[in-house]
Amino acid sequence: MRSLASRRITGLVGLVAVGAIALTACGGGSSSTESSAAPASSAAAPASSAAASAPAAECTDPTPVNLQLQWFAQAQFAGYYAAKDKGFYKDQCLDVTILEGGVDIVPQTQLAQGNADFAIAWVPKALASREQGANIVNVAQVYQKSGTLQVAWADSGIKTPADFKGKKVGNWGFGNEFEVFAAITQAGLDPANDVTLVQQQFDMKGLLSKEIDAAEAMTYNEYAQLLEAKNPDTGKLYTPEDFTVISYEDQGVGMLQDAIWASEERLSDPAYQDLTQRFVTASLKGWIYCRDNAAECADIVTANGSKLGKSHQLWMMNEVNKLIWPSPAGVGVMDPDKWAQTVEISMGTKNLEGATVLTAQPADGSYTTQYAEAADQSLEAEGLNVTGDAFAPITVTLNEGGN
Amino acid sequence: MSNTQAPVRRQSGRLRRGLASLGWALAGVLLVVVMWELVKVIGSLVTLPLDTGDQAMPHVWTMLQGAMQPEVRGSDTTVLQAVVSATLRSLLVAMGGFAIGVAIGLLLAVIMQRFWFFERGLLPFVIASQTVPLIALAPLIVGIGNRISIGPVQWNTTYSVMFIASYLAFFPLSVGALRGLQAPTATHIELMRSYAATPGQTLRKLRFPASVPYLVPAMKVSAAAAVVGTVVAEISTGVRGGIGRLVIEYAREMTASPAKVYVAVFGAIAVGLLAAALVAALDMALTRNLPKEHSA
């Protein structure tokens, strides 16, 4: 924590410097001497707000930034698309290129190899890469909750993970299975003998055809796919009453998901620190915008080439908002308890091969809250609500096929 | 009289043959459709080892219906239009990769034929290049590509896909071309030598014509490899605009609209067929020139 605190101070000093430059540009020489003469602590707040609201006109040469996503454009990443479309990146003098993922693209690897400046990745997977030598740091924990579910038919009798006994339990594998294993273990079952684990496709056909008794699903995607499918018996769409849903977050085995990761090596460079600060501030502003303008953000994502149907996109936007808000400590700021829970499951839960996500406690500095905190400070100074304490989700009606 | 009628007769014969082969092709498609539906009927009567429900195997007419629907509600483009444009784009990228692959493959073959130590030294690397798994290579190439910008030209992910396609395409061609260039018998080569022909002349007048029968099948394999490379690279790295990406996009919607993904799969098949047709046309052009060169 000591190193974190000292880093935080360097971050603030950096902010002051940026603010000073902005002020010089605005008000001429006299104000700049004033602000640089003021003590760091009192200058921090106004300086950072000045940096955040520095108009684009002063930005002659925006810094190019590559952001690597985990997957194709969809509302899961709405905050970044909104920050780009609404000019929040431009306000920070950034020229952000959003790189979509693919089947074999591993964002944290692209980041560690220097092919991207920032990456969006789930915490356990990124920590596993980190343990294998990828020098990456979590600079903003955007999603505060896990969105993973296990969905079963309402008439299957499966209500808790303890009911998985003797059932066919679907999971995606490739590191997406650890919440499932943790829940099974927590229920006192042995994953190897008490349940039949089935490798699941990335669609919900297996559950609908009853090849799988309980299927893994994300609140914002696969669960919606179920509710967009037509029940051949009734000719109508399936309804939530047809299914039972087990939320791993509610079971206490949720693991942290989408976060912004930065390169650890480059974070020793003040220029990259400044870049990270500006990127995090603008990105979090994008997420705040999407909290308050869910429908517009869904449309922004679609306009950026997502092929998801309109109602599916809006559903995803709304569910993602539920995973982010409220953020009691401020958007993007890590909840240490959730981090500890994620690390504990990563180290303690074995999959069928007996492997765990992590073999040792991740080193100090695997995450830092300084950038998110400074960002929230300046966003609050702009008059934005950074905790979303009054957040209320909207109601989305799914149409057939997500249209 | 016979002079004026002969071409007409020949033309009508060609037309009839063309129609017949079109008929056979249509019959083939019909056969597949009938078999698909037959499997579904049998599957509803007895338990088959594969899922024949409408979820996994939608009816052919459902697929046709799906193809005509708008891609996203409210958009002007139908699924079919989206698939056709993605198909053409992938075909273009694959053919670009094929052309680059052929050029590199030929060049390598000529070098390896001309200098024996290159054949010894280079051939193992050429073979080793194909043992690198594509799914490991593709993200690497696309990732490096994101960083490349030569002057004002920004490297485009499409170039990365083309590069991967050419990487797969050059190999069959270089090996085939090498065998072709080495095909002339000792007698032929001695004849050229007795004419005091330069190596360049031997290459042009003897070795290239002799290699054509080897080149044509090699090109067919190369074109297929380029198509596979393009589609797999698009799937693997999520590069936008091509048919590989569309297959994945539509596969995500399989739960609610299973027919959609099949339309995209047919698009992927069409890329392969069109590429094969283009190579067949190339083949005809090459072999038609062959007798002329002999007579010259």
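This is a predicted model: local features need pLDDT of at least 70, side-chain atom pairs count only at pLDDT 80 or more; totals for chains, interfaces and linings use all residues.
**Entry 1: ground rules and domains**

Domain bounds here come from an automatic or database domain assignment. With that in hand, I looked up chain B and found domain 1 (2–57) and domain 2 (79–295). I then checked their C-alpha centres, which lie 29 Å apart.

Residues are numbered from 1 along each chain as its sequence is written, while chains are lettered from A and ligands numbered from 1 in the order in which they are written.

**Entry 2: chain A overall**

I looked up the secondary structure of chain A and got 15 helices and ten strands. Helices (H or I, at least four residues) and strands (E, at least two) are DSSP runs, numbered from the N terminus.

Next came burial. A residue is buried if 20 or more other C-beta atoms lie within 10 Å of its own, exposed if 12 or fewer, and partly exposed in between, with C-beta atoms placed from the backbone. Of the 403 residues of chain A, 55% count as buried.

Then contacts: two residues are in contact if their C-beta atoms, placed from the backbone, lie within 7 Å. Among contacts in chain A with a separation of 6 or more, 80% are between residues 24 or more positions apart.

**Entry 3: a covered helix in chain A**

I picked helix H8 (residues 178–186) of chain A, which is mostly covered, with seven of its nine residues buried. The buried ones include Phe178(A), Phe181(A) and Ile184(A), and also Glu179(A). What covers them includes helix H7 (123–131), helix H14 (336–348) and strands E5 (148–153), E6 (168–171) and E8 (214–218) of chain A. After H8(A) I found Gly188(A), whose phi is positive, near 85 degrees.

**Entry 4: two helix pairs**

Two packed helices are described by the angle between their axes and the distance between the axes. Axes are lines fitted to C-alpha atoms, for helices over the stretch in contact, and angles run from 0 to 180 degrees between N-to-C directions.

In chain B, the axes of H6 (residues 157–181) and H8(B) come within 7 Å and cross at roughly 160 degrees. So H6(B) is roughly antiparallel to H8(B).

**Entry 5: one tyrosine**

I zoomed in on Tyr214(B), which lies in helix H8 of chain B. Tyr214(B) counts as buried because it has 20 C-beta neighbours inside 10 Å. Gly180(B) is 34 residues away along the chain, yet the two C-alpha atoms are separated by 5.2 Å. Leaving out residues up to four places away in sequence, Tyr214(B) touches Gly176(B), Ala177(B), Arg179(B), Gly180(B) and Ala183(B).

**Entry 6: where the chains meet**

How many residues does each chain bring to the contact? I got 29 residues from chain B and 30 residues from chain A. On the chain B side, helices H5 (134–145), H8 (199–237) and H9 (243–251) each supply at least two residues. H5(B) gives the largest share of that side, five residues.

How values were computed. Angles under 35 degrees count as roughly parallel, over 145 as roughly antiparallel, 65 to 115 as roughly perpendicular and the rest as oblique.
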